[in-house]
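Student: I am new to this structure and would like to learn how to read its features. Can we go through them one at a time?

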Amino acid sequence: MSFNDIKKDNEYKCLIDGEWVFSKTKKTININSPTDNSLIGKIQALDKSEIDNIFEIAKKSQISWYETPVKKRSEILNKVADLILENKELISNLLVKEVTKNKSLAINEIERTVYLIKATAKEGLNLKEEKIKADKFYKSKKKAFIKRIPHGVVLGISPFNYPINLIWSKIAPALISGNSIVIKPSTQGTISVIYTLELFLQAGIPKGVINLITCNTKEIGDYLIKNKNIDMIAFTGSTSIGKRISNLVMKPLLMELGGKDSAIILEDTDLDLAVRECVNGCFSYSGQRCTAIKRIILINSIGYEFMQKFTSEVNKLTFGNPEENNFITPLINQEAVKNIELLVNNAIKNQATKLTNGSKINNLMTPIILDHVNKKCRIYYEEQFGPVAVIIRANNEQEAIDIVNDSDYGLEACIFTKNKKRAFEIAKKLNVGTVQINGKSERSPDNFPFTCLKDSGLGTQGIKYSIEAMTRIKSNVLNQ
Ligand code: NAP
């Protein structure tokens with residue numbers, strides 16, 4: 001497999017109209033390792049005219065791509081999935097460097113993405129035309145021929161924490177349903193994505209159907225999303241940027257934003273299971289997951305026992321470089337570290353108790369447990385994107401439910417209890433997209449629906465649901 005075309009020396013090119021090209025601006029953006037700040041590579045900083053050109057190319061190529069039989073589109077997606085799998089060593093090593101994911105998580109992200117692409121390629125074959133007759137109120141013999149058709153040009157924007165999965169979970173449903181796509185991956189993570197795009201070319205994706213934007217987002221992010229050739233935006237990232245986009249454009253939007261997932265630990269729970277899931281849920285990938293458990297709501301009567309076990313397990317977590325497959329690895333940048341510090345200091349000032357030392361070396365933060373977090377603490381409500389477990393005490397089940405619902409976010413929640421009936425009763429009362437019973441919050445399996453409520457986003461994703469979101473209903477009515 002050759003990757004010769006994607007870069008010269010350490011400078012990665014952009015994919016525009018099927019060609020790897022340098023920007024006319026001759027400006028680049030450095031991608032440094034969050035672990036030791038060493039330079040991994042440089043990417044292009046496109047300007048406004050280059051971005052406009054990309055969307056024009058995407059608009060033109062969408063027409064012939066939609067005319068390509070869906071079976072052929074499916075074959076190309078299957079082919080790229082196979083190629084990504086063949087190259088998982090190379091790509092996972094890049095993820096380790098670029099976004100400090102440990103090797104096991106990096107491999108898992110790639111394998112999961114391969115599965116997702118293949119499942120989407122298969123599901124897309126089911127998009128059939130439906131025929132319905134007029135209802136009885138009408139005496140005529142009207143018939144509607146209803147079909148899901150592509151929006152046109154989709155703009156896919158993804159965050160740093162799952163560079164491969166969260167861009168391909170936009171690419172695959174967009175393309176199988178006949179859209180073209182322009183992608184703007186998180187700047188940190190772009191190099192890993194570039195390798196998969198080269199594999200896409202080798203799998204036979206026609207030129208112009210997928211194009212890559214890399215740019216100084218702070219300067220031209222707002223400009224880029226307002227381009228008139230965009231027909232739909234699929235965005236994953238922070239609530240603040242998501243809101244900014246939805247204030248600027250009126251187009252179909254699919255938004256996966258921040259979260260504050262809560263886990264309710266009831267007094268009749270299997271404590272070992274709850275502790276295991278909470279440790280993983282809070283600290284996997286150092287807490288940098290939208291569906292990380294960001295609040296543990298603990299019924300007081302089992303508080304002591306749970307905290308003993310939980311603290312002991314957290315103290316066993318390994319931390320250090322991702323290359324050594326540590327559990328806790330450096331955060332993505334200094335800004336993320338500072339945000340965590342501010343939230344933790346504010347919580348301590350407001351009578352929360354810090355139960356671990358929580359030391360820091362550059363971007364690496366060791367796990368922090370904050371007990372007795374209360375409403376005066378910012379971290380009670382605000383999303384922490386780092387290795388901090390927030391423990392909130394509740395006197396009873398109803399108080400725990402009220403705490404879960406007292407949030408601007410609405411991604412997931414978890415309930416730990418041995419009583420399934422009780423769990424389903426509580427689940428009905430929780431205002432979130434998904435409730436996990438006896439398991440940590442997480443976005444998978446990918447064929448399950450993943451609904452983002454309140455400030456956590458708009459719409460539902462998942463293999464079949466993402467295809468629905470990336471298409472619209474067109475009906476042709478035959479009057480006879
Ligand atoms: P972010 O700062 O919002 O960035 C997300 C993407 O938006 C990046 O590609 C970023 O580009 C781009 N962007 C920034 N400003 C923009 C603008 N004005 N116009 C258009 N695009 C713009 O988020 P992040 O720090 O990468 O990711 C962490 C956040 O994502 C957390 O809040 C997490 O909860 C959320 N998330 C949610 C889900 C979910 O499924 N709900 C999944 C994963 C992550 P640059 O990289 O160039 O800044």
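Student: Does phenylalanine 385 count as buried, exposed or partly exposed, and what is its relative accessibility?

Tutor: Some background comes before the answer. This is a predicted model, in which local features need pLDDT of at least 70 and side-chain atom pairs count only at pLDDT 80 or more, while totals for chains, interfaces and linings use all residues. Residues are numbered from 1 along each chain as its sequence is written, and side-chain values use heavy atoms, with hydrogens and water left out. As for the term, buried means under 20% relative accessible area, exposed means over 50%, and partly exposed lies in between (1.4 Å probe, protein chains only). Phenylalanine 385 has 23% relative accessibility, so it counts as partly exposed.

Student: Which kind of ring pair do phenylalanine 160 and phenylalanine 385 form?

Tutor: Rings of Phe, Tyr and Trp (its six-membered ring) pair if their centres lie within 6.5 Å; planes under 30 degrees apart count as stacked, over 60 as edge-to-face and the rest as tilted. The structure holds 6 aromatic pairs. In one of them, the rings of phenylalanine 3 and tyrosine 195 have centres 4.9 Å apart and planes at 50°, so this pair is tilted. Phenylalanine 3 is buried at 14% relative accessibility, and tyrosine 195 is buried at 8%. For phenylalanine 160 and phenylalanine 385, the centres are 6.1 Å apart and the planes stand at 85°, so the pair is edge-to-face. Phenylalanine 160 lies in the loop between strand 9 and helix 5 (165–176), and phenylalanine 385 in the loop between helix 12 (378–381) and strand 20 (388–394), so the pair ties together parts that are 225 residues apart in sequence. Phenylalanine 160 counts as buried, at 16% relative accessibility.

Student: Which residues do ring pairs link into a cluster?

Tutor: The cluster consists of Phe3, Tyr12 and Tyr195, linked by ring pairs.

Student: Over which ring does the charged end of lysine 101 sit, 3.7 Å from its centre?

Tutor: A charge sits over a ring if NZ of Lys or CZ of Arg is within 6 Å of the ring centre and within 35 degrees of the ring normal. The ring is that of tyrosine 162. Lysine 101 also lies over the face of tyrosine 285, at 4.5 Å from the ring centre.

Student: In what order do the strands of the open sheet lie?

Tutor: Helices (H or I, at least four residues) and strands (E, at least two) are DSSP runs, numbered from the N terminus. Two strands pair if DSSP finds at least two bridges between them. Here 6 strands form an open sheet with mixed pairing, in the order 11-10-9-12-13-26. Strand 11 (210–212) and strand 26 (457–458) are at the edges with a single partner strand each, so one side of each has no neighbour in the sheet. Strand 13 (residues 253–256) and strand 26 run antiparallel and are joined by 2 bridges. Glutamate 256 has glycine 457 of strand 26 as its bridge partner.

Student: Which strands does helix 1 touch?

Tutor: Axes are lines fitted to C-alpha atoms, for helices over the stretch in contact, and angles run from 0 to 180 degrees between N-to-C directions. Contact means heavy atoms within 4.5 Å. Helix 1 (residues 48–67) packs on the sheet and touches strand 9 (153–157), strand 10 (180–184) and strand 11; its direction makes about 155° with that of strand 10. Helix 6 (residues 190–203) packs on the sheet too, touching strand 10 and strand 11, and its direction makes about 150° with that of strand 11.

Student: How many residues of strand 14 are buried?

Tutor: In a regular strand the side chains alternate between the two faces of the sheet. In strand 14 (residues 261–265), 5 of the 5 residues are buried, so the strand is largely enclosed by the rest of the structure. Asp261, Ala263 and Ile265 cover one side and Ser262 and Ile264 the other, all of them buried. Strand 14 pairs with strand 15 (residues 293–299) in the parallel sense over 5 bridges.

Student: Where is the peptide bond that is cis?

Tutor: A cis bond with omega near 0° runs from serine 444 to proline 445. Proline 445 is in the loop between strand 23 (434–437) and strand 24 (450–451).
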